[in-house]
Amino acid sequence: PNCSSPSSFILTGIPGLEAAHFWIAFPFCTMYVIAVLGNLTVLLVIRADPRLHLPLFYFLSMLAATDLVLTTSTMPKLLRIFWFQTHEIIFEGCVVQMFFIHSFSVVESGVLLAMAFDRYLAICRPLHYSAILTGPTVAKLGLAAAVRGIGLITPLTCMVSSLSYCGPRVIPHSYCQHMSMVKLACGDTRPNSFYGITAATVVVGSDSTLIAISYILILRAVVGLSSRDARLKSFCTCSSHIGVILLFYVPGLFSFYVQRWGQSIPKHLNILIADLYLLVPPMLNPLIYGMRTKLIRERVLSLLWQ
């Protein structure tokens with residue numbers, strides 16, 4: 001057979017659960033709506049209230065914008081697959097979707113690291129906070145996260161686009177993931193696999209390690225607080241933040257490595273976790289980082305009251 005780029009791919013959804021697709025779409029749609037409304041609310045509230053024009057809330061705006069891109073690049077197509085059986089996606093659309101998913105996952109990891117750094121300065125170095133995290137510094141950190149994400153995934157996207165594809169064009173997934181596309185290619189795909197594994201391991205390994213160090217230092221400082229109420233409040237805040245961070249990293253790494261070596265893991269379980277990885281953190285981030293913040297909570301409640 002001729003080896004070239006196909007005109008389109010077929011996305012199967014969740015293999016093994018095709019009969020339940022119609023009903024699975026309802027909780028997925030609910031979570032997507034909550035994620036979109038929550039992140040849009042955070043963005044609008046921060047933009048409208050001058051009191052929220054601070055480094056922490058700028059980082060929160062970046063996180064909300066990144067979550068909107070992640071969910072919107074996948075969920076509308078996923079819901080069309082589940083409800084309307086529109087499984088086909090053009091090749092270019094598949095490549096673009098893969099680029100947005102992986103690049104903005106890296107961007108979100110960078111933003112979470114910047115937020116951990118912000119909390120470390122606020123709790124452990126409060127006297128130096130305003131001097132270090134100035135407006136230009138916040139902008140540079142956000143730009144660095146975006147450049148790193150786009151810069152790392154652009155070569156991967158070019159490598160996938162240049163592969164030749166023979167035979168079946170069915171992707172056993174709900175969206176266009178890098179390794180799912182590579183498995184359909186013919187020829188030598190080792191450079192793609194090596195680059196993908198190396199990039200994911202370096203990004204997640206370095207970012208998660210630095211985030212862990214930041215929160216260890218924060219918790220050590222919290223233990224030294226004299227007020228019991230202050231310690232309890234700080235512990236609750238840190239634990240909720242750590243929970244959301246784990247929900248972002250653990251399912252993503254699980255899905256990433258299972259695609260390569262987890263042949264004994266049921267396919268439908270892997271795909272379901274990969275789908276929830278792009279839904280649950282964007283849905284929870286506005287609640288954990290936004291509504292638990294007093295200024296944002298008061299602003300949202302006042303708007304609702306009006």
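Okay, one definition before anything else: buried means under 20% relative accessible area, exposed means over 50%, and partly exposed is whatever falls in between. Arg 297 has a relative accessible area of 32%, so it goes down as partly exposed. Keep in mind that what you have on screen is a predicted model.

Let's stay with Arg 297 for a moment. You'll find it in helix H12, which covers residues 294-305. Together with Lys 233, Arg 292 and Lys 294, Arg 297 makes up a patch of positive charge on the surface.

Trp 23 sits in helix H1, residues 21-48. Is Trp 23 buried or exposed? Its relative accessibility is 60%, and the cut-off for exposed is over 50%, so Trp 23 counts as exposed.

Next, the record. The UniProt entry, which is unreviewed, lists "transmembrane region" for residues 20-44, 56-75, 95-117, 129-153, 194-223, 235-257 and 269-289. I picked out two of those spans to check against the model. Residues 95-117 come out as 100% helix and 0% strand, with 33 Å between the end C-alpha atoms. Residues 235-257 are also 100% helix and 0% strand, and there the end C-alpha atoms lie 32 Å apart.

On to salt bridges. How many are there? The count is five, and I'll walk through some of them. As background, side chains of opposite charge can pair when their charged atoms come close.

Take Arg 148 and Asp 207: their closest N and O atoms are 2.6 Å apart. That pair links distant parts of the chain, with Arg 148 in helix H6 (residues 135-161) and Asp 207 in helix H8 (residues 190-223), 59 residues apart. The two partners fall into separate accessibility classes. Asp 207 has a relative accessible area of 2%, so it is buried, while Arg 148, at 26%, is partly exposed.

Then there's Arg 169 with Glu 88, where the closest N and O atoms are 3.8 Å apart. For those of you who like cut-offs, the nitrogen has to be within 4 Å of the carboxyl oxygen, so this pair makes the list. This one links distant parts of the chain too: Arg 169 is in the loop between strand S3 (164-165) and strand S4 (170-171), Glu 88 is in strand S2, and they are 81 residues apart. Arg 169 is partly exposed at 34%, and Glu 88 is partly exposed at 49%.

Asp 118 and Arg 119 also form a salt bridge, with 2.7 Å between the closest N and O atoms. Asp 118 has 0% relative accessibility, so it counts as buried.

One backbone item. Most residues other than glycine have a negative phi. Gln 85 is not a glycine, yet its phi is positive, about 60 degrees. Where is Gln 85? It's in the loop between helix H3 (75-84) and strand S2 (88-90). At 48% relative accessibility, Gln 85 counts as partly exposed.

Last one: Val 69, in helix H2, residues 55-72. Val 69 is partly exposed, at 25% relative accessibility. Its C-alpha atom is separated by 28 Å from that of Thr 189, which is 120 residues away along the chain.

That's my tour, thanks.

Note on methods. Residues numbered from 1 in each chain as written. Predicted model: local features only at pLDDT ≥ 70, side-chain atom pairs only at ≥ 80, totals over all residues. Heavy atoms only, no water. Patch = residues over 30% accessible without salt bridge, like charges linked within 9 Å, V, L, I, M, F, W, Y side chains within 5 Å. Areas by Shrake-Rupley, 256 points an atom, 1.4 Å probe, with all protein chains shown as cover. Salt bridge = Lys/Arg side-chain N within 4 Å of Asp/Glu carboxyl O. Lys, Arg positive; Asp, Glu negative; His and termini not counted. Charge placed at Lys NZ, Arg CZ, Asp CG, Glu CD. Helix = DSSP H or I, 4+ residues; strand = E, 2+ residues; numbered from the N terminus. Buried < 20%, exposed > 50% of the residue type's maximum accessible area, 1.4 Å probe, protein only. UniProt positions renumbered as here; feature names shortened; annotations may be inferred.
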